[in-house]
Amino acid sequence: MTDPTIAQLSARLEVLESEADIRRIQARYMFLCDTPCPEFGVDDDARRIELVLDLYTEDAVWEGVGEYYDGQFGRAEGKDAIRAHFNRFWGEKTDPALLLNAHYLTSEQIHVDGDTADGQWIHMQPWLFADGKSLLRSSRLNNAFRKVDGRWLISRTRTENVFVAPLPNNFADAYPRESVLLRS
């Protein structure tokens, strides 16, 4: 016979561990999306994209919704479509080049229900381009997660714009061309 207190504690521990795993996977996604990419040794965007895709289920959905994001991002279903989405963003170099982009997550809510979960965040993101133009973007995230073979993965990324605001040109004058933070 199992002690009900141990069973309750085990269930609570499972939820807490799941929340921590989901928090880490969402933070890793944002980390890999930063420019310059802080994952040391990732020198090309094709490798970065594959690392991002490792965080997703095979049938995942990535979508931008709402009046601002509908036309900008649309909806991608499955890893191949998500790969194509990221290739359009990183793979097709544009002028002016993106020099700096950092993601900050706030207002976290994670809800675990067995082997599925959802999470909401607000995200802020400053951008700096080679021509000096700069902007600050904020969006809400409503993401879903699923445990696959014992590992939490993202099954849906859903983002909606809160605002985009111009920053002063060249708002940052000291930033690295590459990140060496994780170099041993």
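The model is predicted, so I used local features at pLDDT of at least 70 and side-chain atom pairs at pLDDT 80 or more, while totals for chains, interfaces and linings use all residues. Residues are numbered from 1 along each chain as its sequence is written, and side-chain values use heavy atoms, without hydrogens and water.

I searched the whole structure and found 12 salt bridges (a side-chain nitrogen of Lys or Arg within 4 Å of a carboxyl oxygen of Asp or Glu).

Arg24 pairs with Asp21, closest N and O atoms 2.7 Å apart. The two are 3 residues apart in helix H1, about one helical turn (helices, H or I, are DSSP runs of at least four residues and strands, E, of at least two, numbered from the N terminus). Asp21 is partly exposed at 31%.

I then checked Lys147, which meets Glu14 in a salt bridge at 2.8 Å, N to O. Lys147 is in strand E6 and Glu14 in helix H1, so this pair ties together parts 133 residues apart in sequence.

In helix H2 I found Asp45 and Arg48, 3 residues apart, in a salt bridge at 3.3 Å. Asp45 is buried at 15%, and Arg48 is buried at 5%.

Last, I looked at Thr35, in the loop between helices H1 and H2. Thr35 is buried at 12% and its contacts (heavy atoms within 4.5 Å) include Arg48 and Leu98.

Technical notes. Buried means under 20% relative accessible area, exposed over 50%, partly exposed in between (1.4 Å probe, protein chains only). Lists of a residue's contacts leave out its neighbours within four places in sequence.
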